[in-house]
Amino acid sequence: MEGPGVPPGPYRATKLWNEVTTSFRAGMPLRKHRQHFKKYGNCFTAGEAVDWLYDLLRNNSNFGPEVTRQQTIQLLRKFLKNHVIEDIKGRWGSENLDDNSQLFRFPATSPLKTLPRRHPELRKNSIENFSKDKDSIFKLRNLSRRTPKKHGLHFSQENTEKINHEIINEDQENSAGNREISQEDVEEVWRCIVLIYLQTILGVPSLEELINPNQVIPQYIMYNMANTSKHGIVILQDKSDDLPHWVLSAMKCLANWPRSNDMSNSTYVGFERDVFRTIADYFLDLPEPLLTFEYYELFVNILDLLQPHLERVAINALQLCCLLLPPPNRRKLQLLMRMISRMSQNVDMPKLDDAMGTRSLMIHTFSRCVLCCAEEVDLDELLAARLVSFLMDHHQEILQVPSYLQTAVDKHLDYLKKGYIQNPEDGLAPLPTYSYCKQISAQEFDEQKVSTSQAAIAELLENIIKNKSLPLKEKRRKLKQFQKEYPLIYQKRFPTSESEAALFGDKPTIKQPMLVLRKPKFRNLRY
């Protein structure tokens with residue numbers, strides 16, 4: 001059952017909750033059950049509910065096939081706690097539910113959650129403030145160079161000069177004719193360029209409900225762009241923000257298992273499990289998730305792009321969003337994704353859990369330390385698991401530095417210095433084109449995929465038919481094999497036996513019905 005899809009916007013987790021509960025109430029089969037010599041109507045067992053909801057979640061594009069049966073049980077427990085369901089005696093509010101034959105039913109009350117509303121005046125102020133900031137970025141300023149704001153980051157002199165190299169050179173050459181570009185100007189251009197690209201990629205009319213522009217700290221973006229190793233990993237100037245040495249050693253041990261395992265040190269049975277638990281405990285004890293609480297709505301909304309026909313859009317959107325993270329968070333996320341991706345693909349990795357495979361264990365263990373809400377949301381775990389699964393598969397692209405961003409910022413700063421930009425509209429013109437195909441539904445995608453495949457197969461059939469160099473016997477064999485594999489396409493090309501026979505100049509393969517002779521009547525041979 002494919003979910004109808006929840007459009008991007010605020011409170012998407014709450015909207016998804018309402019979608020899932022509505023689908024569950026509408027589709028869960030109800031029937032009579034007997035328990036303790038008594039019959040109950042319109043109810044279901046916990047095991048039946050787990051089976052049905054498990055299938056629903058795995059086939060819903062918002063959650064995907066990575067959903068585990070245990071996560072489904074956890075969601076049903078939240079259903080019971082929030083009175084989406086109740087036991088056969090009308091009790092609810094606890095999480096006393098297991099995968100067994102205990103009976104449950106639906107209450108008469110609606111399980112839908114109400115969406116909180118932002119005050120209209122607050123929304124208006126937010127929009128106006130961003131519009132003013134956006135306007136001021138692209139207008140020439142007659143400002144003296146100011147000291148950049150400090151946000152706890154230590155920029156090396158080399159990297160600062162690297163970012164502002166062109167600006168300084170041109171200021172020296174044209175100090176008489178050009179206005180000065182301050183550090184604040186540079187930072188504001190970075191902030192707005194990122195937001196413009198993000199809005200374009202997501203295809204939304206506004207980002208106002210997804211992120212507060214003031215939450216975007218340009219110093220973080222600039223640092224994440226400029227301070228990287230040859231592998232693209234963020235390098236921290238302040239080592240106190242880095243992972244502890246013992247955590248880095250443990251992660252390196254499992255990421256490169258068994259090559260990094262120093263055999264000179266004595267190991268024991270279950271050594272790798274203890275190392276894994278040590279790493280997991282560190283990340284689970286962090287004060288906030290790696291994607292931070294303030295960007296929760298932004299990342300949750302990108303989850304709707306996580307479909308086969310929107311994969312490229314999701315990768316590009318996540319690439320920009322991960323640049324907004326504080327550098328220590330981005331570094332931790334990069335190292336964590338590299339480790340769990342390698343571990344899940346390592347066939348030599350010993351089994352780390354008796355019940356789950358390595359990939360499922362990685363997602364189940366680290367999902368909540370990557371993404372979760374400051375206030376507990378009932379679908380947090382499922383949403384986080386979906387995102388972590390996608391990050392594991394595409395982390396090399398998502399967590400690399402996008403070169404087009406630096407080019408766009410340099411071009412804008414150049415136009416700003418030369419006075420070519422007078423207003424925001426003029427400023428958008430030089431941006432490199434970054435367009436996407438028209439977004440279609442999953443059903444349209446499947447239909448197009450089938451039609452395209454059938455067209456290609458039909459073309460293959462025509463190539464076999466028109467191939468004059470192919471011996472007749474070989475052509476017959478290939479066509480017979482094709483007819484067996486694709487009977488519908490073959491029948492469409494050869495609707496009758498006559499059309500098939502015309503290809504080889506033979507008689508029809510289907511014989512005409514033979515003349516039916518009347519049976520002779522035998523007379524009685526009695527004398």
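**View 1. Glu 397 is partly exposed, with a relative accessible area of 30%.** Welcome to this predicted model, where we start at a charged pair. The partner of Glu 397 is Arg 312, and their side chains meet in a salt bridge with an N to O distance of 2.8 Å. Arg 312 belongs to helix α12 (residues 311-323) and Glu 397 to helix α15 (residues 380-398), so this pair ties together parts that are 85 residues apart in sequence. Arg 312 also counts as partly exposed, because its relative accessibility is 42%.

**View 2. A salt bridge joins Arg 331 and Asp 242.** Here, too, the side chains meet at 2.8 Å, N to O. Look for Arg 331 in helix α13 (residues 327-345) and for Asp 242 in the loop between α8 (218-226) and α9 (245-255); the pair therefore ties together parts that are 89 residues apart in sequence. Are these two residues buried or exposed? Both Arg 331 and Asp 242 are buried, which puts each of them under 20% relative accessible area.

**View 3. Lys 81 forms a salt bridge with Glu 95.** The closest N and O atoms of this pair are 4.0 Å apart, and the rule for a salt bridge asks for a distance within 4 Å. Lys 81 sits in helix α3 (residues 69-81), while Glu 95 sits in the loop between β3 (86-87) and β4 (103-105). Lys 81 counts as partly exposed at 42% relative accessibility, and Glu 95 counts as partly exposed at 36%.

**View 4. Helices α10 and α14 come together roughly parallel to each other.** The axes of α10 (residues 271-284) and α14 (residues 358-370) come within 8 Å and cross at roughly 25 degrees. Angles under 35 degrees count as roughly parallel, and α10 and α14 are therefore described that way. Which residues make the contact? From α10 come Phe 276, Ile 279, Ala 280, Phe 283 and Leu 284, and from α14 come Leu 361, Met 362, Thr 365, Phe 366 and Cys 369. Of the residues in this contact, nine are nonpolar, one is polar and none is charged.

**View 5. The count for the model comes to 16 salt bridges.** Among them is the bridge between Lys 81 and Glu 95. Side chains of opposite charge can pair when their charged atoms come close.

Key:
Residues are numbered from 1 along each chain as its sequence is written. This is a predicted model: local features need pLDDT of at least 70, side-chain atom pairs count only at pLDDT 80 or more; totals for chains, interfaces and linings use all residues. Side-chain values use heavy atoms; hydrogens and water are left out. Axes are lines fitted to C-alpha atoms, for helices over the stretch in contact, and angles run from 0 to 180 degrees between N-to-C directions. Helices (H or I, at least four residues) and strands (E, at least two) are DSSP runs, numbered from the N terminus. Angles under 35 degrees count as roughly parallel, over 145 as roughly antiparallel, 65 to 115 as roughly perpendicular and the rest as oblique. Contact means heavy atoms within 4.5 Å. Ala, Val, Leu, Ile, Met, Phe, Trp, Tyr, Cys and Pro count as nonpolar, Asp, Glu, Lys and Arg as charged, and the others, Gly among them, as polar. Buried means under 20% relative accessible area, exposed over 50%, partly exposed in between (1.4 Å probe, protein chains only).
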